[in-house]
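Dear colleague,

Please find below the structure that I am handing over to you. My notes on what was found in it follow.

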Amino acid sequence: MNKVLTVQDFIFKNVDINIPEKGSFTWKTPSNIALVKYWGKREPQIPKNPSISFTLDACFTITTLEFSKRNSGEKNINFDIYFEGEKKDDFKPKIAKFFTLIQQYVPFITDYDFVIHSRNSFPHSSGIASSASGMAALALCIMSLEKQLNPTITDKFFNKKASFLARLGSGSASRSIEGELVVWGKHNDIKDSSDLYGAKFPSTIHTNFKNYHDTILLVDKGEKQVSSTLGHNLMHNHPFAEKRFEQAHQNLSKLAIILQKGDLRGFINIVESEALTLHAMMLTSNPYFILMKPNTLSIINKIWEFRAQTNSNVCFTLDAGANVHVLFPEKEKKSVNQFIVNELLSFCQNNHYICDRVGVGAKQI
Ligand code: DP6
């Protein structure tokens, strides 16, 4: 199936076979780091511009969804959530909202009672967003249940619908199903791209970008200063919004060529500019925010110095926070790792950092 799907395609088709009474599914789902950033959306979770991300490997969520069919015939959404072994009622509203949003596409969820067990490979208070990997894992578990109810669905449809559902929980979660590079949002140059779900980057990626490294420097492990909902809303009535959305389209066009050609310098230019533009949008919105910390800037300056001195292809990107993602090619791992340990770790909280790299996507376990 290589056509672009519409909302109608995702409405559950009941084939009335194989109704499971109880069981469980477990998925391990990676986080991702955007190269062209998603910042700004409209209802229902439609991005204002297309984005592309590297799927990660070491930062992941493992979620188990236990399900048991309700005998009462009563239809409602009912679940308990445990995070790292502890019952977490404060996580419930976000997940309840997600279930309510996806109910029209997976109506069978109201026939079951669920228990969700989830854990992350990265510390909860690390400033690393877990909504992408977390929502994607839950969406995949629900798709495994749909597959039992309707075994005729193809693997391609399974992934697309998992991404479609995950998107409704968190936009960036739509990019956490597959690897290694995923585009979310309609872009004229990218075949099969859609606002509704993430799609694997369709062209062959140059070997320079295979096994790319992402070392995450934890500059500030505190709670997010700006929630994603608040952040995306800052783009409504933002004086530079339209230009920014246009720029993201252009940057994705350029990056698509860069990724195929293996142009490392071109990559650095787009990726760093995207990170700084994301923060520039926050600096110039109203209310306005400075999410970088002094150590974020120190790290950026050190990276620029190192690049000037050694001709390395190391670069950085940022999320909506102070942590720095240090990106570099596989063939420079020795020298850049040494540079990180010698010169950058002192800017991290408790010297804390995570060595990650590009991964292949979610896995059922
Ligand atoms: C800065 O996906 O967290 O990381 O859709 O409201 O859940 P919601 O937002 P979210 O936003 C991610 C923003 C970003 C850039 C990106 O990942 O593209």
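Helix α2 is mostly covered, with 16 of its 19 residues buried (buried means under 20% relative accessible area, with a 1.4 Å probe and protein chains only). Helices here are DSSP runs of H or I of at least four residues, numbered from the N terminus. The 19 residues of α2 (131–149) should span 27 Å at 1.5 Å a residue, and the end C-alpha atoms are 27 Å apart, which agrees; the expected span is 1.5 Å times one less than the number of residues.

This is a predicted model, in which local features need pLDDT of at least 70 and side-chain atom pairs count only at 80 or more, while totals for chains, interfaces and linings use all residues. Residues are numbered from 1 along each chain as its sequence is written, and side-chain values use heavy atoms, leaving out hydrogens and water.

Turning to the ligand, 16 residues surround it, and the closest are Y38, S170, G171, S172 and R175 (a residue is near a molecule if one of its heavy atoms lies within 4 Å of it). An N or O atom in the side chain of K41 is 2.8 Å from an oxygen atom of the ligand.

Finally, H238 sits in the loop between α4 (228–233) and α5 (241–261). H238 is buried, with a relative accessible area of 7%. A polar atom of its side chain lies 2.9 Å from the backbone oxygen of M281.

Yours sincerely

Methods: Polar contact = N/O pair within 3.5 Å; in protein donor to acceptor, adjacent residues only side chain to side chain. Helix = DSSP H or I, 4+ residues; strand = E, 2+ residues; numbered from the N terminus. Buried < 20%, exposed > 50% of the residue type's maximum accessible area, 1.4 Å probe, protein only.
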